[in-house]
Amino acid sequence: MPVAEIAIAQSFAGSGLGSLVLPTLRKFLYCIELVRGKHAGTEELNSNLDGLKALLRDTEGNGGSQTLTIMRRNLTELRYRTEAAVDAASIHLAHAQDPGCRDALQVRPQHWNLLPPARSPTTSRPRRDVEPPDDRARSCGASAAAENRHVADVIADAVLVGTDAPRKALFDLLVPAGEQRPRLDLIAVAGESGVGKTVLTRDVYEDRKVKACFDCHVWVAMDVALTDKQFLTKVVSLLYGETNRNLPRGIDKMEVQQLRLQIHAQLVSRRYIIVLDNLNKRDEELTLFLEHALPKDSYARVIFTTLIPDFQPPSSHNLTTIDLKRLSPEEATLHFCRSTFEAEECPTHLRDLAREIVELCEGLPFVIAVVGGLLSKRERSDEEWGRFLAELRRRGNIGVVTAVLAMSINDLEAKHKNCLLCFGIFPRGCAVTSANLIRVWIAEGFVEAEQGVAEAERPLEDIANGYLEELRQRRVIQQAESYDYGRTKSWKVHDVIHQALVAIAEEENFSTISMRHSVLKYRNIRRLSVQDTMEEFPQSVSFKRLRTLFIFKQISNMPRIFPSKKTLRALNLEGARIDRFPKEIESLIFLRYLNLRNTKISELPNSLKNFKFLQTLDLKGTCLSKLPNEILELNSLRHLLVYHYDTAESPPLINGVKVPKGIGKLKELQTLSVVDADNDGDIVEELKHLSQLRRLGIVKLRAADASKLLVFVPGMRHLSSVSLTLSSVDDQPLSLQDLAASRCLKRLYVRGELQTLPTSFSSLKNLVRLRLRGCQLREDLFRVLEGLQSLAELSLIQAYDGEQLVSKQGGFPKLKILDLDQLDNLINVTVEGAMPGLEKLIIRNCEKLKTVPLGIMRLTNLKELHLFEMPENFLSKLSGGEDCDKVKHVEYICYYKQGVPRKIPSSRHPGIRIREETAISQLPSTDPTRKGKEIAEEPPEEIKLVTAEARNKSSLEIFTEEFLEIVKGSKISYADITVGLSNPMEGPGYATAEHGNN
């Protein structure tokens with residue numbers, strides 16, 4: 001037996017773990033011999049990585065052994081180094097001068113310097129890490145939601161327990177029974193971590209009676225990485241998105257003073273509610289926000305959720321505090337049963353054990369939910385639950401919260417645990433999209449292919465979605481945002497879990513977010529999350545083992561760590577203030593994931609071809625208009641996102657990028673969004689070779705070329721999302737006949753003229769979301785679309801020129817959201833016996849529509865009715881006429897005129913308030929070409945405020961005084977400021993929904 005094997009066997013003597021470790025250890029020792037040069041061939045090295053991973057899996061769940069913990073840490077280190085050696089060898093072989101040469105097929109000794117030299121386990125001689133020679137590196141070449149969405153921010157959809165009294169208190173503060181005086185009140189929902197502050201506040205905030213009481217609704221999660229400007233921009237975006245308008249031009253160039261003015265202009269004389277979730281600091285920006293951005297003469301409420309029991313915002317406004325307490329024993333037991341069994345009671349044989357477990361949870365709803373998620377995965381036996389209770393008691397000395405989280409996290413398989421630990425890289429409170437999470441996981445190698453199943457049959461992305469579901473069921477992650485039709489958009493972790501993940505990641509050297517380590521500590525860091533100021537970044541440190549770098553600050557210059565590192569796998573520079581592709585990145589040839597979203601980059605370098613391993617290239621929101629030919633050499637690329645919006649147009653136009661001929665060579669591509677076809681049919685011929693595509697966006701496509709594309713779409717068995725925008729210079733309509741054969745399509749967005757909608761279109765059984773814009777169809781669309789069995793959201797925007805839309809009994813069985821916009825000839829809509837699950841109805845700019853849909857009384861699940869720019873005769877029927885009683889079951893009805901909630905005279909409906917409204921428009925663009933054109937240089941007292949028909953003079957006088965005070969204290973010139981009548985414009989949701997934020 002080798003010395004190493006003997007030494008490790010002795011270390012496990014009497015522990016019972018020797019038989020667990022030694023079989024795989026022998027494979028591991030062979031792997032060491034392999035990488036030291038005793039064997040040849042990268043294939044053998046690569047295959048033996050599986051043995052190393054198996055060894056790590058075999059040691060899972062035995063965290064109580066310190067010896068095993070140290071061994072796992074060292075094995076993980078060796079695994080990473082071995083992977084780096086395989087990457088280096090692959091690069092070498094790819095660049096070999098003579099592919100047939102035997103020497104080229106050997107693994108060069110220099111590559112193994114990425115691995116530690118062999119030594120006896122008893123030797124204390126320090127390790128010496130040697131970087132690959134520079135010439136070896138040179139041989140490889142130089143290388144804001146726009147919508148305020150409904151958020152289910154709960155822990156595993158658990159039903160609220162024990163919150164009746166605080167819920168009523170908060171509700172009464174928002175919807176008082178008596179007179180609603182026009183003033184701004186502050187409300188603090190306070191309590192320790194895990195008592196359910198966010199869950200309770202969200203539940204009340206989403207109450208439709210609360211919604212009906214306010215015109216404007218804003219919810220902002222105050223994550224630690226949010227700068228003052230980002231916070232204010234987010235508030236502006238939510239306000240504009242809710243009222244269905246484009247963001248003002250130049251919002252990204254506005255200073256904080258201008259953003260506060262924007263917010264003030266949107267809220268003046270309007271009733272508003274703002275929630276600042278997880279606000280745990282008092283700072284200058286909060287003072288300025290409360291004092292200068294928020295009008296004082298409106299009925300308004302600002303809610304804070306906070307850990308600070310005596311939280312006192314820096315403001316003179318009235319403050320009411322609601323303190324949340326822990327659950328009583330009875331409430332805790334009920335919460336436990338619902339979280340564990342999805343029932344009201346516990347099985348009889350487990351009641352005594354359940355009672356003891358609940359007692360140890362100390363009445364914290366969050367802890368109970370996590371324990372419930374953990375036990376829901378275990379056998380419901382006395383023995384299993386007894387072991388769990390004993391373990392919880394044994395760990396009780398470190399505190400119940402820490403103990404429960406440690407048990408829950410360590411109970412996960414290594415692949416799931418690594419994926420969960422990735423949440424610790426992101427700032428506290430940060431919502432991360434599903435797509436982004438999965439791409440990072442795959443880049444890191446955390447997602448394992450199923451044995452015996454080809455990836456073409458079950459891609460890693462599908463397997464990763466299963467990981468997300470596993471974490472959700474265990475209550476360690478929670479849904480952060482979802483689309484209205486139900487699909488999850490993003491995930492987050494509770495603050496307490498985030499704190500635990502950061503601590504575990506630091507202890508296990510998985511990742512760090514601290515910027516105050518010693519130089520020696522930095523050299524060993526594997527994943528670094530920069531959330532502090534870059535001034536504290538150690539510029540002179542060589543990060544020899546860094547695999548992942550996420551920078552969340554809007555840096556202007558690259559830190560000098562890049563030239564020293566060749567093993568980086570994932571790099572995030574989203575939002576960095578850079579206008580060129582950084583040269584420092586060009587040498588990072590092992591990257592799998594590169595995120596340069598929302599930067600000002602306008603071109604890519606020729607060295608892009610060296611990124612042979614790159615899987616994700618995210619350039620959304622950049623200034624790119626075309627991709628270089630070098631993109632064709634990225635054979636590992638799976639996700640390519642390159643597009644931006646032209647907000648100068650109404651509605652915003654999506655600008656794609658021109659791709660070089662040969663894009664069909666990228667066989668691994670799953671996401672290609674958005675291609676600018678530029679009226680060139682050759683691109684269509686290329687696309688048909690991308691058999692792995694799941695999401696495709698293409699603009700400026702001629703109808704004839706689009707028809708060719710739709711012919712082979714049904715054969716692309718993974719394609720689930722398609723967005724087509726036809727060329728504006730093409731007057732030929734498009735036929736969707738061939739698309740009907742597709743069986744995988746879930747989301748379809750078509751913009752442009754259509755010939756007709758074939759009856760076979762209803763065979764798209766998996767279609768969930770459909771948006772048709774500018775289609776100019778004349779036949780009754782409902783007749784065809786009502787047969788779509790899975791359709792949950794339907795938007796028709798300038799898509800229908802007929803007068804009648806009629807859905808028969810049983811039509812649209814799963815439809816939740818119906819949006820009818822600018823259907824200029826529409827007179828009547830009939831839904832008798834159809835759309836049984838409809839929850840939200842939106843009608844916009846339908847000038848000839850006479851009445852609400854016939855049969856609306858039978859839409860018993862309809863909760864919201866939103867109306868925009870509707871004719872007076874329609875409104876008169878709704879307010880006090882024949883339609884009033886038809887909608888009395890609808891809890892929330894809102895009508896917008898010129899972007900402002902407006903009065904519907906004499907309304908008897910409880911959800912429609914009767915009051916005067918002042919329409920204050922958006923502030924002007926900061927576009928320098930437009931400065932001073934709306935209003936010349938005038939003295940401050942002559943700044944004009946243009947209002948809608950109904951004017952509230954006292955409100956305007958107050959607003960003018962506050963407005964001028966802000967201007968005097970800012971650096972804004974009066975020529976930069978105009979307040980005018982707002983125009984009805986389409987909101988950003990139309991554009992962003994087609995391509996998403998993924």
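Author: Start with the term. Two rings of Phe, Tyr or Trp (for Trp, the six-membered ring) form a pair if their centres lie within 6.5 Å; planes under 30 degrees apart are stacked, over 60 edge-to-face, and the rest tilted. By that rule, ring pairs join Phe426, Phe550, Phe552 and Tyr593 into a cluster.

Two notes on reading this. The model is predicted: local features need pLDDT of at least 70 and side-chain atom pairs count only at pLDDT 80 or more, while totals for chains, interfaces and linings use all residues. Residues are numbered from 1 along each chain as its sequence is written, and side-chain values use heavy atoms, with hydrogens and water left out.

The structure holds 17 aromatic pairs. One of them is phenylalanine 550 with tyrosine 593: their ring centres are 6.0 Å apart and their planes lie at 5 degrees, so the pair is stacked. Phenylalanine 550 belongs to strand E10 (residues 548-551) and tyrosine 593 to strand E12 (residues 593-595), so the pair ties together parts 43 residues apart in sequence. Strands here are DSSP runs of E with at least two residues, helices are runs of H or I with at least four, and both are numbered from the N terminus. Phenylalanine 550 and tyrosine 593 are both buried. Buried means under 20% relative accessible area, exposed means over 50%, and partly exposed is in between (1.4 Å probe, protein chains only).

Tyrosine 643 and tyrosine 645 also pair, but edge-to-face: 6.0 Å centre to centre, with 80 degrees between the planes. Their surroundings can be read from accessibility. Tyrosine 643 is at 1% relative accessibility, so it counts as buried. Tyrosine 645 is at 21%, so it is partly exposed.

Rings also meet charges. A charge sits over a ring if NZ of Lys or CZ of Arg is within 6 Å of the ring centre and within 35 degrees of the ring normal. Arginine 527 places its charged end over the ring of phenylalanine 510, 4.0 Å from the centre. Arginine 844 does this with phenylalanine 868, at 5.0 Å from the ring centre.

Glutamate 869 has phi near 50 degrees, a positive value in a residue other than glycine. It sits in the loop between strand E27 (864-868) and helix H25 (872-879). At 15% relative accessibility, glutamate 869 counts as buried. Asparagine 278 is another case, with a positive phi of about 70 degrees although it is not a glycine. Asparagine 278 lies in the loop between strand E3 (272-277) and helix H11 (284-293). It counts as buried too, at 15% relative accessibility.

From serine 673 to valine 674 the bond is cis, with omega near 10 degrees. Valine 674 lies in strand E17 (residues 671-676). Leucine 669 is in the loop between strand E16 (653-655) and E17. At 0% relative accessibility, leucine 669 is buried. Contact means heavy atoms within 4.5 Å.

Now the helices. Two packed helices are described by the angle between their axes and the distance between the axes. Axes are lines fitted to C-alpha atoms, for helices over the stretch in contact, and angles run from 0 to 180 degrees between N-to-C directions. The axes of helix H12 (residues 329-341) and helix H13 (residues 351-360) come within 10 Å and cross at roughly 110 degrees. That makes H12 roughly perpendicular to H13. The angle classes are: under 35 degrees roughly parallel, over 145 roughly antiparallel, 65 to 115 roughly perpendicular, and the rest oblique. Ala332, Thr333 and Phe336 of H12 make the contact with Ala354, Ile357 and Val358 of H13.

For helix H15 (residues 382-394) and helix H16 (residues 400-410), the axes come within 9 Å and cross at roughly 130 degrees. That makes H15 oblique to H16. Here Phe388, Glu391 and Leu392 of H15 meet Ala403, Val404 and Met407 of H16.
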